[in-house]
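I opened my notebook beside the viewer and wrote down what I looked up, entry by entry. Here are the notes, for anyone who likes to follow along.

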Amino acid sequence: MTTWRRQCRSTAVPPKPKRGGRPATDVRYQIRPAQPADVAAVCAIEGAVFSDPWSARDFRECAASGVPFLIAEHGGVVAGYAIAHHAADEGEILNLGVAPAHQRRGVGRVLVEHLLTLLAERGVDAVFLEVRESNAAARGLYQRLGFREVGRRPGYYRRPVEDAVILRSAVSAETRRA
Ligand SMILES: CC(C)(COP(=O)(O)OP(=O)(O)OC[C@H]1O[C@@H](n2cnc3c(N)ncnc32)[C@H](O)[C@@H]1OP(=O)(O)O)[C@@H](O)C(=O)NCCC(=O)NCCS
């Protein structure tokens with residue numbers, strides 16, 4: 001199987017509450033496992049949000065390999081995706097993307113929360129990921145979800161070359177179900 005350069009490397013989701021108590025949006029998102037038929041839509045989002053996107057082949061391999069690969073869908077349209085893998089008690093988030101039109105509606109947060117629940121239920125107790133140093137949106141999201149910096153990989157990313165910040169969060173099936 002390909003070694004993926006990490007980009008971060010179901011259920012009805014209620015709209016995210018806005019400060020002041022009103023929902024951020026009236027749309028609803030469904031989180032479900034990815035199917036091979038989702039790959040084209042996922043690739044389109046990937047190309048829109050990453051400067052060094054994964055290929056369709058990368059996503060096809062993930063879909064075929066049985067790793068946790070989740071889709072956020074609204075009205076039949078793929079709005080975002082999240083992919084992880086795990087070995088023994090460690091998990092890693094490999095990729096996460098939300099289409100620009102659906103950003104800041106809580107989709108990324110809910111995708112990651114579902115991934116963490118899935119990983120915890122498979123016996124994972126610590127989840128790692130890498131994120132571009134300059135990616136304030138993703139770093140803000142992961143910080144809110146309890147991830148903390150545990151290291152760096154100088155020059156890890158390409159196009160443009162940039163350091164990766166390594167983040168870690170402890171997870172447990174009990175706390176995630178709560
Ligand atoms: C990072 C990304 C997945 C976030 O998805 P999203 O659905 O827009 O995020 P959410 O609406 O769930 O936001 C959750 C929190 O993340 C943080 N956040 C999200 N986008 C942000 C932004 N543009 N600037 C600052 N903080 C941001 C905020 O803390 C936010 O909470 P708030 O809206 O209550 O302030 C999305 O911006 C994206 O696809 N970016 C390009 C790809 C990428 O960077 N993937 C991650 C690689 S590790």
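**Entry 1**

I began with Tyr 81, and leaving aside neighbours within four places in sequence, I found it in contact with Ala 34, Val 42, Ile 45, Leu 70, Ile 71 and Gly 97. A reminder to myself: this is a predicted model. Ile 71 turned up again when I looked at the pairing of strands, as its bridge partner in S4 is Tyr 81.

Next I asked which residues touch the most other members of the largest nonpolar core. They are Leu 70, Tyr 81, Ala 82, Ile 93, Leu 111 and Leu 115, in a core of 46 residues. H3 gives the most to this core, with eight residues. I noted the general background too: nonpolar side chains tend to be buried together in soluble globular proteins.

**Entry 1: The overall layout**

I then stepped back to the whole chain. The protein has five helices and eight strands, and from the N terminus on they run β-β-α-α-β-β-β-α-β-α-β-β-α. Of its 178 residues, 37% count as buried.

Which residues of H1 are buried? In this helix, residues 39–49, I listed Val 39, Val 42, Ile 45 and Glu 46. Seen down the axis of H1, the buried residues fall within an arc of 125°, so they line one face of the helix. Ala 40 and Gly 47 are exposed on the other side of H1. The buried residues of H1 pack against H2 (56–65), S4 and S5.

I repeated the exercise for H2, where the buried residues are Asp 58, Phe 59 and Cys 62. Down the axis of H2 these buried residues fall within an arc of 95°, so they too line one face of their helix. The face of H2 turned away from the buried side carries Arg 57 and Ala 64, both exposed. For packing partners of the buried residues of H2, I wrote down H1, S3 (69–74) and S4. After H2 comes Gly 66, with a positive phi near 85°.

**Entry 2: Hairpins**

I followed the strands from S3 onwards. S3 and S4 run antiparallel and are joined by six bridges. Their hairpin has two residues between the strands, and Gly 75 there takes a positive phi near 55°.

S4 and S5 are also antiparallel, joined by eight bridges. Ala 84 stands opposite Ile 93 in S5. This hairpin has two residues between its strands as well, and Ala 88 sits in the turn with a positive phi of about 50°. How buried or exposed is Ala 88? I counted 8 other C-beta atoms within 10 Å, so Ala 88 is exposed.

S7 (148–157) and S8 (162–170) pair in the antiparallel sense over six bridges, and Gly 151 has Ile 166 in S8 as its bridge partner. S7 is hardly covered: the count of buried residues is one among its 10 residues. The hairpin of S7 and S8 has four residues between the strands, with Arg 159 at a positive phi near 45°. Then I checked the peptide bonds: the one from Arg 159 to Pro 160 is cis, with omega near -5°. Pro 160 lies in the loop between S7 and S8.

**Entry 3: Arg 104**

I looked up one further backbone angle. Arg 104 has a phi near 60°, a positive value in a residue other than glycine. I located Arg 104 in the loop between S5 and H3. Its count is 12 C-beta neighbours inside 10 Å, so Arg 104 is classed as exposed.

**Entry 4: Around the ligand**

Which residues come nearest to the ligand? Of the 22 around it, I noted Cys 8, Gln 103, Gly 108, Gly 140 and Leu 141. The elements that give two or more residues to this shell are S5 (90–98), H3 (107–121) and H4 (136–144). H4 gives the most, with six residues. By type, the shell divides into 11 nonpolar, seven polar and four charged residues.

Note on methods:
Residues numbered from 1 in each chain as written. Predicted model: local features only at pLDDT ≥ 70, side-chain atom pairs only at ≥ 80, totals over all residues. Near = placed C-beta within 6 Å. Nonpolar A, V, L, I, M, F, W, Y, C, P; charged D, E, K, R; others polar. Buried ≥ 20, exposed ≤ 12 C-beta atoms within 10 Å, placed from the backbone. Arc of directions from axis to C-beta. Contact = placed C-beta atoms within 7 Å. Core = buried A, V, L, I, M, F, W, Y, C linked by C-beta atoms within 7 Å. Pairing = 2+ DSSP bridges.
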